[in-house]
Amino acid sequence: MLRVGLSGGIGSGKSTVAARLVELGAVLIDADRLAREVVEPGSPALAELVERFGPRIRTPEGALDRPALAQLVFGDEQARADLNAITHPRIGELTLERMAQAPADAIVVHDVPLLVENGYAANYHLVLIVDAPEHERVRRLEGRGLDAADARARIRAQATDEQRREAADVWLDNTGPVEELLAEVDRLWSERLVPFERGVRELRPAPRRPPLVVEPDPEWPRTARRLGARVLRAAGEAGMRIDHIGSTSVPGFPAKDVIDLQLSVRSMAEADGIADALAEAGFPPDSGCRGDNPHPVDPDPGHWVKRYHSSADPGRPVNLHLRVPGGPGWRTALLLRDWLRAEPEARADYLAVKRELSGRFAADEGVARYAEAKEPWFAAALPRARAWAERTGWTPPEL
Ligand code: ADP
């Protein structure tokens, strides 16, 4: 099963995207609809609301009088908090129930207007955000019978563009004709969501891409934050901290388009304990790269000092390294990052090596050979990085 979060400001085209995804075969869970279900006449939640806000919020027919309730909580923080405390846990339970009822191979789309505002992004394998310019949205909402001033006020009250960008794995631009949007959704479905779902279900990382150095993408740090939050959530208590490492963590530095994340764990036993949870979250163990084996002839992975996972999402390559703080690879990964961030000469040097190797290898064993070919450079660079640490008083981050 794949959990996809869908959101976007009012009038952006979110419902249009949701409807298309359902046509393509997705199971839709509509948060607005569940929010209405939990306060149906006769429901315990409605009884609690009446107890808190008085009989005024109930219609003569016994249903919730939404406008009356909206007026009571408008501008009243405490009232809003009380309303949420009564309804949110029930909506959450119902959502989990509906997810559990979906087939094991379902692509579940959770349509949540306030996904960004409520900080839910880490709950999903992937978040889709639909967007259109404000004047377009107002025009479309007017077409739906909403007053322009009212539409603008609602737009202002929602998440900012920046907050949405932070949450979005996929940004669907709905500025143009609706046919363009739908074609984009169709492509996303077949090229990304369907193989991603299969990868999660079959515990299979996405196929590797040939190692190719590309120009730095300003989205990399934000992507790393978003994915890191997902990894930490899946790791639970075992996750001590998450760090963006590797070349994509060095601002302005050309790199392979792969986000490297280092998850700190107390022991390899704890790393093994969360392997299934990480796989369920979209990061299955990856036997294609083992690395960090201090005893090259030791066949027992239990003795190795790293566990390695990678993403099942074919649209976003991610390598996830699980290491124990203080262990050899743990410190080196952070040191090399910070040294490269600080020293232009180190970057220039390393870049020359990477450019030399970029595009020389095919996808599969090529990734390992690319890494292998960089080894001599690393071996020579490490003493320089250590000298730099000595000189500057660098220490790894606090746990
Ligand atoms: P949301 O669910 O985000 O509020 P909707 O999907 O309901 O937005 O779209 C708002 C309105 O704009 C609807 O009437 C819809 O048919 C229309 N609409 C959506 N996308 C486009 C588009 N690309 N061009 C023109 N109208 C659109």
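1. Let's start with arginine 222 and glutamate 162, whose side chains form a salt bridge with an N to O distance of 2.7 Å. A salt bridge here is a side-chain nitrogen of Lys or Arg within 4 Å of a carboxyl oxygen of Asp or Glu. Arginine 222 belongs to helix H10 (residues 220-235) and glutamate 162 to helix H8 (residues 161-167), so this pair ties together parts that are 60 residues apart in sequence. Helices (H or I, at least four residues) are DSSP runs, numbered from the N terminus. Arginine 222 counts as buried, because its relative accessibility is 13%. The classes are buried under 20% relative accessible area, exposed over 50%, and partly exposed in between (1.4 Å probe, protein chains only).

2. Before you read on, please note that this is a predicted model, in which local features need pLDDT of at least 70 and side-chain atom pairs count only at pLDDT 80 or more, while totals for chains, interfaces and linings use all residues. Residues are numbered from 1 along each chain as its sequence is written, and side-chain values use heavy atoms, with hydrogens and water left out.

3. Glutamate 166 is in H8 and arginine 225 in H10, so the pair ties together parts 59 residues apart in sequence. Glutamate 166 counts as partly exposed at 27% relative accessibility, and arginine 225 also counts as partly exposed, at 48%.

4. Which residue forms a salt bridge with arginine 20? The partner is aspartate 186, with the closest N and O atoms 2.9 Å apart. This pair links distant parts of the chain, with aspartate 186 in helix H9 (residues 178-201) and arginine 20 in helix H1 (residues 14-24), 166 residues apart. Aspartate 186 is partly exposed at 25% relative accessibility, as is arginine 20 at 22%.

5. For the overall tally, the salt-bridge rule gives a count of 31.

6. Lastly, look at helix H4 (residues 66-73) and helix H5 (residues 77-101), which pack at about 130° with their axes 7 Å apart. Axes are lines fitted to C-alpha atoms, for helices over the stretch in contact, and angles run from 0 to 180 degrees between N-to-C directions. H4 and H5 are therefore oblique to each other; angles under 35 degrees count as roughly parallel, over 145 as roughly antiparallel, 65 to 115 as roughly perpendicular and the rest as oblique. Leu69, Leu72 and Val73 in H4 meet Ala79, Arg80 and Leu83 in H5, where contact means heavy atoms within 4.5 Å.

Conventions. Helix = DSSP H or I, 4+ residues; strand = E, 2+ residues; numbered from the N terminus.
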